[in-house]
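Dear colleague,

I am passing on the structure below, and after it you will find notes on what was found. Please read them with the model open beside you.

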Amino acid sequence: MKILYFAQLRQMLGKSEDILYLKKNIKIYEVIDELIKRNETYRVAFNDIRNLQYAINCEYANKDSFVSNKDELAVFPPVTGG
C-alpha cells in the first residue's frame, strides 16, 4: 500500500510517501501502529493521532476503516478553509 504524508507529517518524516506491504486487510489505526514500530522518528511524528485525518483512494475515511495493499492512504492534519 502507498502511504502519502502531508504538511507537518511530511516535514517531520522528511519524505512524502512510504510503501507498506500488508499480509491482510487492516484498519488505519493498525497501519499507524506498524509505522510507529519503525523508529523514533515515526513514533514522534505519530505521537498524537487524535487530530489526524485520513483518505483512502481520495475518499475521507476514519481510523477504523480497512485498507489493503491495493489502496493509497493519505494522512494529514485537519484542513481549514480561508
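Phe6, Tyr60 and Phe76 are linked into a cluster by ring pairs, where rings of Phe, Tyr and Trp (its six-membered ring) pair if their centres lie within 6.5 Å, and planes under 30 degrees apart count as stacked, over 60 as edge-to-face and the rest as tilted. This is a predicted model, in which local features need pLDDT of at least 70 and side-chain atom pairs count only at pLDDT 80 or more, while totals for chains, interfaces and linings use all residues. Residues are numbered from 1 along each chain as its sequence is written, and side-chain values use heavy atoms, with hydrogens and water left out.

By the ring rule there are three aromatic pairs. Among them, Phe6 and Phe76 form an edge-to-face pair, at 6.4 Å centre to centre and with 80° between the planes. This pair links distant parts of the chain, since Phe6 is in the loop between strand S1 (2–5) and helix H1 (7–13) and Phe76 is in strand S7, 70 residues apart; helices (H or I, at least four residues) and strands (E, at least two) are DSSP runs, numbered from the N terminus. The rings of Tyr60 and Phe76 have their centres 5.9 Å apart and their planes at 65°, so this pair is edge-to-face. Because Tyr60 lies in strand S5 and Phe76 in strand S7, the pair ties together parts that are 16 residues apart in sequence.

Phe76 counts as buried at 11%, Phe6 as partly exposed at 36%, and Tyr60 as exposed at 64%.

Turning to the sheet, five strands form an open sheet in the order S2-S1-S7-S4-S5, with mixed pairing, where two strands pair if DSSP finds at least two bridges between them. Strand S2 (17–19) and strand S5 (59–61) stand at the edges, each with a single partner strand, so one side of each is left without a neighbour in the sheet.

Strand S4 (residues 53–56) pairs with strand S7 (residues 72–76) in the antiparallel sense over four bridges; Gln53 stands opposite Phe76, and the bridge partner of Ile56 in S7 is Leu73. S4 also pairs with S5 in the antiparallel sense, over three bridges, and there Tyr54 stands opposite Ala61. The hairpin of S4 and S5 has two residues between the strands, and in it Asn57 takes a positive phi near 50°.

Two further points concern other residues. The charged end of Arg38 sits over the ring of Tyr42, 5.6 Å from its centre, by the rule that NZ of Lys or CZ of Arg is within 6 Å of the ring centre and within 35 degrees of the ring normal. Gly14, in the loop between H1 and S2, is exposed with a relative accessible area of 65%; Gly14 and Thr41 are 27 residues apart in sequence and 9.4 Å apart in space, C-alpha to C-alpha.

Notes. Buried means under 20% relative accessible area, exposed over 50%, partly exposed in between (1.4 Å probe, protein chains only).
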